[in-house]
Amino acid sequence: MSVSARRVGQARLEVIVADITTLRVDAIVNAANSSLLGGGGVDGAIHRAAGPDLVAECRMLHGCKTGDAKITKGYRLQAKHVIHVVGPVWNGGSLGEADLLASCYRRSLELCRKHRLASVAFPSISTGVYRFPADQAAGIAVAAVVEALTATPDLTNVIFCCFSPESGRLHEEAMATSGSPCS
Ligand code: ADP
């Protein structure tokens with residue numbers, strides 16, 4: 001379900017409510033943990049849908065730091081690639097959580113640029129088990145993507161793939177302040 005869309009420069013930014021594992025895009029982003037060896041939530045769903053070859057490739061990456069991103073193939077997914085990021089665990093907000101969350105989005109877009117990807121879908125990183133307040137996270141997600149888009153000219157479609165209508169509403173609100181409406 002598409003909630004809303006806006007244009008920012010060359011790119012269409014879209015908010016949808018969906019299961020990210022079903023999307024046919026160049027890359028879906030995985031809210032992983034630092035081991036990159038699978039976990040619960042969206043991470044578990046992505047690994048289940050991609051099949052065992054994904055964890056085999058992840059094993060060769062030797063983990064990932066909080067705020068950073070690493071890319072693999074998508075295997076059985078419709079998506080060609082998976083960008084694995086490690087979001088911050090929310091600890092009250094004074095431990096650099098906002099910067100680390102923004103860094104996940106920035107680093108993902110850097111990988112999109114490097115691999116010349118045209119479309120990418122993000123889940124709402126850190127807002128599940130890692131307990132980042134969903135409203136703040138939505139604002140950070142949209143702002144970080146909008147800021148980094150100018151340096152990512154090949155990227156024409158960015159999807160915020162929310163898992164609940166409430167999360168969709170928060171991202172829609174965050175998007176309302178950036179770019180111009182598009183159909
Ligand atoms: P984190 O550990 O980064 O908090 P979670 O997987 O627990 O990661 O949650 C991150 C977000 O992903 C939450 O908003 C959760 O509702 C959402 N989510 C869980 N499963 C899916 C899925 N299949 N597709 C899209 N989003 C999902």
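The model is predicted: local features need pLDDT of at least 70, side-chain atom pairs count only at pLDDT 80 or more, and totals for chains, interfaces and linings use all residues. Residues are numbered from 1 along each chain as its sequence is written, and side-chain values use heavy atoms, with hydrogens and water left out.

The protein chain has five helices and eight strands. Helices (H or I, at least four residues) and strands (E, at least two) are DSSP runs, numbered from the N terminus. The radius of gyration is 15 Å, close to the 16 Å that the globule rule gives for 183 residues, so the chain is as compact as a globular protein of that length. That radius is taken over C-alpha atoms, and the globule rule is 2.2 Å times the number of residues to the power 0.38.

**Overall fold**

- Read along the sequence, the pattern is β-β-β-α-α-β-β-α-β-α-β-α-β.
- The C-alpha trace spans about 40 × 35 × 30 Å along its principal axes.
- Of the 183 residues, 51% count as buried. Buried means under 20% relative accessible area, exposed over 50%, and partly exposed in between (1.4 Å probe, protein chains only).
- Take the contacts between residues at least 6 apart in sequence: 66% of them join residues at least 24 apart. Contact means heavy atoms within 4.5 Å.

**Surface and charge**

- The protein chain exposes about 8,400 Å², and carbon and sulfur atoms supply 53% of it. Accessible areas come from the Shrake-Rupley method with a 1.4 Å probe; for residues, only the protein chains shown count as cover.
- The chain carries 18 positive and 16 negative charges, and their mean positions are 7 Å apart. Lys and Arg count as positive, Asp and Glu as negative; His and the chain ends are not counted. The place of a charge is NZ of Lys, CZ of Arg, CG of Asp or CD of Glu.

**Helix H5**

- In H5 (residues 165–175), the buried residues are Ser167, Gly168, Leu170, His171, Ala174 and Met175. They cover an arc of only 160 degrees around the axis, which puts them on the same side of H5. The arc is that of the directions from the helix axis to the C-beta atoms.
- An α-helix has 3.6 residues a turn, so residues three or four places apart point the same way.
- The buried residues of H5 pack against strand S1 (2–8), strand S2 (11–17), helix H4 (134–149) and strand S7 (157–162).
- Ser167 lies in this helix and is buried, with a relative accessible area of 13%. Not counting residues up to four places away in sequence, Ser167 touches Ser124 and Cys162.

**Helix H2**

- Leu54, Val55, Glu57 and Cys58 are buried in H2 (residues 52–59). Their arc around the axis is only 160 degrees, which puts them on the same side of H2.
- Pro52 and Arg59 are exposed on the other side of H2.
- The packing partners of the buried H2 residues are helix H1 (41–50), strand S4 (69–73) and strand S5 (81–86).

- Ser4 sits in strand S1 and is buried at 18% relative accessible area.
- Leaving aside neighbours within four places in sequence, Ser4 is in contact with Leu13, Glu14, Val15, Glu172 and Met175.
- The C-alpha atoms of Ser4 and Pro153 are separated by 22 Å, with the two residues 149 apart along the chain.
- Leu109 is in helix H3 and counts as buried at 1% relative accessibility.
- Not counting residues up to four places away in sequence, Leu109 touches Phe122, Val145, Ala148, Leu149, Thr152 and Leu155.
- His81 is 28 residues from Leu109 along the chain, and their C-alpha atoms are separated by 13 Å.

**Loop residues**

- Arg116 lies in the loop between helix H3 (97–114) and strand S6 (119–122). Its phi is near 55 degrees, a positive value in a residue other than glycine. Arg116 counts as exposed, at 65% relative accessibility.
- Arg131 lies in the loop between S6 and H4. Its phi is near 65 degrees, also positive in a residue other than glycine.
- Lys65 is in the loop between H2 and S4 and is exposed, with a relative accessible area of 65%. The C-alpha atoms of Lys65 and Ala144, 79 residues apart along the chain, are separated by 19 Å.
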